[in-house]
Amino acid sequence: SNLTGSQRNALVNYVQNGGILFLWGLTDSSLMSSLGVGTASTHTGTTVRPLTFDGLTGDPALQYIDDPEEVNWSMAYLDVARTWGYIPGTAQVLATWDTGEAAMLRSDLGSGRAYVFGWRARRVVTDPQLRRVPGEEPPWVNVPVLDADIQKMLLRGAYENVAGASAQLRQFAPNGKHAALIITHDVDDQTSYDRTVEFAQFESQLGIKVTFNMTTSPYDTGWVE
């Protein structure tokens, strides 16, 4: 929010020379002017902030944002606390808050570009990974949250466009597959024990390998000892 002149020049020169710059919470007026951003306003005290991505811009950062729930994103990550809305100058609007302000901007300078987010990108990624979901207790409840996936897809799309054929991507699924599903069963009550054999037989018939985590006890509890 407060940079020296040399820091601003270094960032602008980096973009002009072909770099990609990701910024959030941009309020430094001089840097905003250099990136074609007009004004910024701060919003606080909300946990859900809807926005809509504009896929018609053709920006590579949006290439994976194609599901209706992604395009019309209700940001739900915990401790939103502060988000920013922008009035664009020459920068292109890639997403718009429901208030009409720009939520994500792209600025082209020289052979590079800068992306300006109206949210804290780091928190969007880390809160869902920590299962910190607003309104859900305890925090480890398995509730689907799109926030982290959307943020990572935005970064991946921008990166792949620049890196091209030399893009380095980690794939954690085995045998060249696009995705993998790890199935485990926590066998921790009487009903679980009663149905374990049925589950095992059913999954064996499907050729699925699973892991059963069996609760045990050295004491006589009536069913698990």
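How many of the six residues of E8 are buried? Six of the six are, and E8 is mostly covered. Buried means under 20% relative accessible area; exposed is over 50%, and partly exposed lies in between (1.4 Å probe, protein chains only).

**Before you click**

This is a predicted model: local features need pLDDT of at least 70, side-chain atom pairs count only at pLDDT 80 or more, and totals for chains, interfaces and linings use all residues. Residues are numbered from 1 along each chain as its sequence is written, and side-chain values use heavy atoms, with hydrogens and water left out.

Show the whole protein. It has six helices and 10 strands. These are DSSP runs, numbered from the N terminus: helices are H or I with at least four residues, strands are E with at least two. Of the 225 residues, 34% are buried. The accessible surface comes to about 13400 Å², and carbon and sulfur atoms hold 51% of that. Areas come from the Shrake-Rupley method with a 1.4 Å probe; for residues, only the protein chains shown count as cover. Now the contacts, meaning heavy atoms within 4.5 Å. Among those with a separation of 6 or more, 62% join residues 24 or more positions apart.

**Stop 1: strand E8**

Select residues 112–117, which make up E8. In a regular strand, side chains alternate between the two faces of the sheet. On one side of E8 are Gly-112, Ala-114 and Val-116. On the other are Arg-113, Tyr-115 and Phe-117. Both faces are covered.

Strands pair if DSSP finds at least two bridges between them. E1 runs parallel to E8, joined by five bridges. E7 (residues 102–109) runs antiparallel to E8, with six bridges. Within that pairing, Leu-105 stands opposite Val-116. Follow E7 into E8: the two form a hairpin with two residues between them. Click Gly-110 in the turn; its phi is positive, about 60 degrees.

**Stop 2: the aromatic rings**

A pair of aromatic rings is described by the distance of the centres and the angle of the planes. Rings of Phe, Tyr and Trp (its six-membered ring) pair if their centres lie within 6.5 Å; planes under 30 degrees apart are stacked, over 60 edge-to-face, and the rest tilted. The structure holds six such pairs.

Select Phe-22 and Tyr-115. Their rings are stacked, 5.7 Å centre to centre with 10 degrees between the planes. Phe-22 sits in E1 (residues 20–24) and Tyr-115 in E8, 93 residues apart. Tyr-115 is also the bridge partner of Phe-22 in E8. How accessible is each? Tyr-115 is buried because its relative accessible area is 0%. Phe-22, at 30%, counts as partly exposed.

Next, select Trp-97 and Trp-119. Their ring centres are 6.2 Å apart and their planes at 80 degrees, so this pair is edge-to-face. Trp-97 belongs to E6 (residues 92–97), whereas Trp-119 lies in the loop between E8 and H4 (121–129). Both Trp-97 and Trp-119 are buried.

Arg-49 lies over the face of the ring, 4.1 Å from its centre. A charge sits over a ring if NZ of Lys or CZ of Arg is within 6 Å of the ring centre and within 35 degrees of the ring normal.

Finally, select Phe-22, Phe-53, Trp-73, Trp-97, Tyr-115, Phe-117 and Trp-119 together. They form one aromatic cluster.

**Stop 3: Leu-62**

Find Leu-62 in the loop between E3 (49–53) and H3 (68–71). Leu-62 is buried because its relative accessible area is 6%. Beyond residues up to four places away in sequence, Leu-62 touches Phe-53, Asp-54, Gly-55, Thr-57, Leu-94 and Leu-154. Leu-155 is 93 residues away in sequence, with its C-alpha 9.0 Å from that of Leu-62.

**Stop 4: helix H4**

Select the buried residues of H4: Ala-121, Arg-123, Val-124, Val-125, Asp-127 and Pro-128. They pack against E1, E4 (72–75) and H5 (147–163). Thr-126, also in H4, counts as partly exposed at 24% relative accessibility.

**Stop 5: His-185**

End in strand E9 (residues 184–187), where His-185 is found. His-185 is buried, at 17%. Which side chain makes a polar contact with the side chain of His-185? Glu-203 does, at 2.7 Å. A polar contact is a pair of N or O atoms within 3.5 Å; within protein, one must be able to donate a hydrogen and the other to accept it, and residues adjacent in sequence count only if both atoms are side-chain atoms. Residues touching His-185 include Phe-199, Val-210 and Phe-212.
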